[in-house]
Amino acid sequence: MFDFSGKNVLITGASYGLGEQFANEFASAGANLILTARSKEQLEEVAKACRQKGNDVLVVSGDVSIEKDVVRVISRAVDELGHIDILINNAGIADPRGVSPEQYDSETFNKILSIDLVGAFYYARECGRHMLERKSGSIVNICSIMASGGNENNVIGYTAAKGGLLNLTYQLGVEWADRGVRVNAVSPGFIVTEMTRPMLEAMGIDKWIASRTPMRRIGEAKEVTNAVMFLASDLASYITGVDLLVDGGTNASNGTFQIPPIHHEWNKGTPMIPTSYEPVQPRPEWYQALEDGIPGVHYPIDTSDDENTEK
Ligand code: NAP
């Protein structure tokens, strides 16, 4: 579907999870890769699989929250491959403990922000400088469905970091729009990876998540990859500063019910209100309230003393 031949793509968090999937798919589409994360051995395994597809793959380990690591990774990439066309800002951590905001410890809050937000900023800024010089580049920040609203999962640090990353995407998208660098976000719903496997598979939360997702299922890593590759590619040449949600319709919903309403049999053609129910007929005085004003909510403007008002 995509052709990234001759493009150099830097992927953070490429040692496992979504980043590994991105690496494999970009390699299949002909890209040369710079893969980074903290686990060197796992990165080498991913690189080995990608090299078998005939691409140049550079592995440079580093921690996204350490500024000098970020500078070092990017310098090595530019030294060895010449330039960077695409940055996939993917590295991230979550917090599966389920601690409510009023109990949340500062140490974990700061740690999540330092990786998911500040680390992503370091990469965007450093790659951005390089791309601005070349007047060409595309950055995709991996945010989350939790970036754009509250939820009941007790993840205040993660939500704050991803919300910040989404706003950073909008800001960079605008600031660099006229200098050839596009910045977009992809926000996945729940996908089984190392990050989510313990809660999704071991605890059976996948069924609960599926039940409150309009598509009634959790997502596949490949479905996130498709969105990432689209925004990274020249097919998205007039798109910057957007958040592409890959969430089975969750963000579009005002809250999808986990059980069907008792008065409604889905897809059976029965009416919303059973026939035995006596429908309530609206009474004229209810509408009158709209004209007269509802006490305490709104009143009609009193024009009785207005000189211009016809009596
Ligand atoms: P994952 O399986 O836990 O993988 C996380 C990746 O980030 C690993 O490669 C890890 O490698 C790397 N990483 C973590 N901390 C790092 C650090 N300090 N420096 C450098 N690399 C670091 O998670 P995932 O599910 O693939 O998540 C990837 C991204 O998608 C994250 O930003 C996550 O927030 C986002 N996301 C995931 C889901 C989901 O349902 N899975 C949903 C929405 C958004 P090392 O441990 O080797 O450093």
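Strand β5 (residues 137-142) and strand β6 (residues 181-188) pair in the parallel sense over 6 bridges; strands count as paired if DSSP finds at least two bridges between them. Helices (H or I, at least four residues) and strands (E, at least two) are DSSP runs numbered from the N terminus. The model is predicted: local features need pLDDT of at least 70, side-chain atom pairs count only at pLDDT 80 or more, and totals for chains, interfaces and linings use all residues. Residues are numbered from 1 along each chain as its sequence is written, and side-chain values use heavy atoms, with hydrogens and water left out.

Strand β4 (residues 86-89) also runs parallel to β5, joined to it by 4 bridges. The two pairings of β5 are set out below.

| β4 (residues 86-89) | 4 | I86 | α4 (residues 106-134) |

Right-handed here means that, with the strands pointing away from the viewer, the path from the first strand over the helix to the second runs clockwise.

In β5, 6 of the 6 residues are buried, so the strand is largely enclosed by the rest of the structure; buried means under 20% relative accessible area, exposed over 50%, and partly exposed in between (1.4 Å probe, protein chains only). G137, I139 and N141 point one way from β5, whereas S138, V140 and I142 point the other way. G137 has a relative accessible area of 10%. Its C-alpha lies 6.3 Å from that of R182, although G137 and R182 are 45 residues apart in sequence.

Helix α1 (residues 17-28) has 12 residues, which at 1.5 Å a residue should span 16 Å; its end C-alpha atoms are 17 Å apart, which agrees. The expected span is 1.5 Å times one less than the number of residues. Among the residues of α1, L18, G19, F22, A23, F26 and A27 are buried. Seen down the axis, the buried residues of α1 fall within an arc of 165°, so they line one face of the helix; the arc is that of the directions from the helix axis to the C-beta atoms. Just after α1, G30 takes a positive phi of about 95°.
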